[in-house]
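Subject: Structure handover

Hello,

I am passing on the structure we spoke about, with notes on what was found in it. Please open it alongside this message.

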Amino acid sequence: MNNKRFSIFASGNGSNAEVLARHALKNNYPLEFVLTDKKDAGVIDRMKALDIKTIVIERNHITKKEHENRIIEELSKNNISWIFLAGFMRILSPEFLENFYDPKGGINRVVNIHPSLLPSFPGRSGYKDAFDYGVKVSGVTVHFVDDGVDSGDIIAQSVFERKNNDEIEDFIRRGLEVEHKLYPIVMDQIMNDTYDLYKRIRR
Ligand code: GRF
């Protein structure tokens, strides 16, 4: 039995969260719950349809620290050891991340997917920024989360082309397809210990 109990965090539509959740169900990976900070996030209905528990912890009228403490409380109650971020629109503090620090690997057991080829176009709008810049090729990045913005060690990347007559919507659609293929592959590597933390390429 796999002992890497994990949670997925999402703030929005939740297409990546759904792909990961379906993948976890299929492979018997211990997804304990999905967490969202938005009570009307699309991810909630997606999880309902899959019969997966969703916990909503909004940050109304509380400090970032209180918000993170509430999240930590839920995570420790459920012995969560890994987190997969899938469109979670909050920066996790160093104090939060410390709870997931793996001293042997030198990483936090928190993984994110970002819609650009990092280190290009970090931040909130990777697709739009890459598209507006006029890139001919773009891609997506799965990386460990560190104290910076989209700056943790890269686990995997996958590329796609921008076509000449692409509108931003076409570009994003193509990118999301690539995300949905790549993220489950990384999840397999982590859940099955086939990703060698200790041999990874460091910056
Ligand atoms: C994705 O593009 C992901 O890379 C980024 O946020 C977006 C979330 O989309 N971090 P969805 O909610 O998974 O559909």
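Which residues lie nearest the centre of the largest pocket? Please keep in mind that this is a predicted model. In it, Gly 87, Phe 88, Met 89, Asn 112 and Ile 113 are the ones nearest the centre of that pocket, out of 35 residues in its lining.

Pockets

The volume of the largest pocket is about 800 Å³. Helix 1 (15–27), strand 7 (110–114), helix 5 and helix 6 are the elements that each give two or more residues to its lining. Sorted by class, the lining of the largest pocket holds 13 nonpolar, 16 polar and six charged residues.

The second largest pocket contains about 160 Å³ of space. Its lining includes Lys 4, Trp 82, Asp 102, Arg 109 and Phe 144.

Helix packing

Helix 5 and helix 6 also pack against each other. Helix 5 covers residues 126–133 and helix 6 covers residues 168–191. The angle between them is about 130°, and their axes are 10 Å apart. On the side of helix 5, the contact is made by Tyr 127, Lys 128, Ala 130 and Phe 131. Helix 6 contributes Ile 168, Phe 171, Ile 172, Gly 175, Leu 176 and Glu 179 to the contact. Seven of the residues in the contact are nonpolar, one is polar and two are charged.

Backbone points

Leu 118 and Pro 119 are joined by a cis peptide bond, with omega about 10°. Pro 119 is placed in the loop between strand 7 and helix 5. The other place is His 61, a residue other than glycine with a positive phi, near 60°. His 61 belongs to the loop that runs between strand 3 (54–56) and helix 3 (64–77).

Regards

Definitions and conventions:
Residues numbered from 1 in each chain as written. Predicted model: local features only at pLDDT ≥ 70, side-chain atom pairs only at ≥ 80, totals over all residues. Heavy atoms only, no water. Axes fitted to C-alpha atoms, helices over the stretch in contact; angles between N-to-C directions. Helix = DSSP H or I, 4+ residues; strand = E, 2+ residues; numbered from the N terminus. Contact = heavy atoms within 4.5 Å. Nonpolar A, V, L, I, M, F, W, Y, C, P; charged D, E, K, R; others polar. 1 Å grid on protein atoms, 1.4 Å probe; cavity = no way out; pocket = protein on both sides within 12 Å on 5 of 7 lines; lining within 4 Å. Points joined across faces, edges and corners; volume = space filled by probe spheres on them.
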